[in-house]
Amino acid sequence: MKSPTPKEVIIQWFERVWNSRDKDAIPLMMTDDAVAHLAGGMQVRGTTQFSGFHDTLLRAFPDISVRILRSVGDDTQACL
């Protein structure tokens, strides 16, 4: 079975974590030493902090959804 490309992984991340609100996908798709760089220079580290951010954002914007308009990727990186 072929491994997913970085572009496929990041698209799956937005679909599962944000559009489907699948909080259980966070520890499956993110490592404990990952750093998420957010608006305003804010950073969250690891799955526990990101899960808290996820909860906070969905409470503030319960109807939020992500629509990917453009993406660029190859076998090593992706940007949406």
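1. Basis of the values. Because the model is predicted, local features need a pLDDT of at least 70 and side-chain atom pairs count only at pLDDT 80 or more, while totals for chains, interfaces and linings use all residues. Residues are numbered from 1 along each chain as its sequence is written, and side-chain values use heavy atoms, with hydrogens and water left out.

2. Overall fold. The protein has 3 helices and 4 strands, where helices (H or I, at least four residues) and strands (E, at least two) are DSSP runs numbered from the N terminus. Read from the N terminus, the elements follow the order α-α-β-β-α-β-β. The radius of gyration is 13 Å, close to the 12 Å that the globule rule gives for 80 residues, so the protein is as compact as a globular protein of that length; the radius is taken over C-alpha atoms, and the rule is 2.2 Å times the number of residues to the power 0.38. Along the principal axes, the C-alpha atoms fill a box of roughly 35 × 30 × 25 Å.

3. Contact here means heavy atoms within 4.5 Å, and among contacts between residues at least 6 apart in sequence, 47% join residues at least 24 apart.

4. Packing of helix 1 on helix 3. These two helices pack at an angle of about 60°, with their axes 11 Å apart; axes are lines fitted to C-alpha atoms, for helices over the stretch in contact, and angles run from 0 to 180 degrees between N-to-C directions. Helix 1 and helix 3 are therefore oblique to each other, given that angles under 35 degrees count as roughly parallel, over 145 as roughly antiparallel, 65 to 115 as roughly perpendicular and the rest as oblique. On the helix 1 side Trp13, Val17 and Trp18 take part, and they meet Phe50, Phe53, His54, Leu57 and Leu58 of helix 3. By class, this contact has 7 nonpolar, 1 polar and no charged residues (Ala, Val, Leu, Ile, Met, Phe, Trp, Tyr, Cys and Pro count as nonpolar, Asp, Glu, Lys and Arg as charged, and the others, Gly among them, as polar).

5. The structure contains 4 aromatic pairs; rings of Phe, Tyr and Trp (its six-membered ring) pair if their centres lie within 6.5 Å, and planes under 30 degrees apart count as stacked, over 60 as edge-to-face and the rest as tilted. In the pair of Trp18 and Phe50, the ring centres are 6.0 Å apart and the planes stand at 70°, so the pair is edge-to-face. Since Trp18 belongs to helix 1 (residues 6-19) and Phe50 to helix 3 (residues 46-60), the pair ties together parts that are 32 residues apart in sequence. Trp18 is buried at a relative accessible area of 7%, and Phe50 is buried at 5%. Ring pairs link Trp13, Trp18, Phe50 and Phe53 into a cluster.

6. His54 and Ser51. Both His54 and Ser51 are placed in helix 3. His54 is buried, with 2% relative accessibility, and, not counting residues up to four places away in sequence, His54 touches Val17, Trp18, Arg21, Lys23 and Ile26. Ser51 is also buried, with a relative accessible area of 14%, and, with neighbours within four places in sequence left aside, Ser51 is in contact with Lys23 and Ile26.

7. Arg21 sits in the loop between helix 1 and helix 2 and has a phi near 55°, a positive value in a residue other than glycine. Most residues other than glycine have a negative phi. Arg21 is partly exposed, at 29% relative accessibility. Asp22 lies in the loop between helix 1 and helix 2 (25-29), is partly exposed with a relative accessible area of 22%, and, leaving aside neighbours within four places in sequence, is in contact with Arg16 and Val17.

8. Asn19. This residue of helix 1 is partly exposed, with a relative accessible area of 23%. Leaving aside its neighbours within four places in sequence, Asn19 is in contact with Phe14, Ser65 and Val66. Asn19 and Pro4, 15 residues apart in sequence, are 20 Å apart in space, C-alpha to C-alpha.

Definitions and conventions. Buried < 20%, exposed > 50% of the residue type's maximum accessible area, 1.4 Å probe, protein only.
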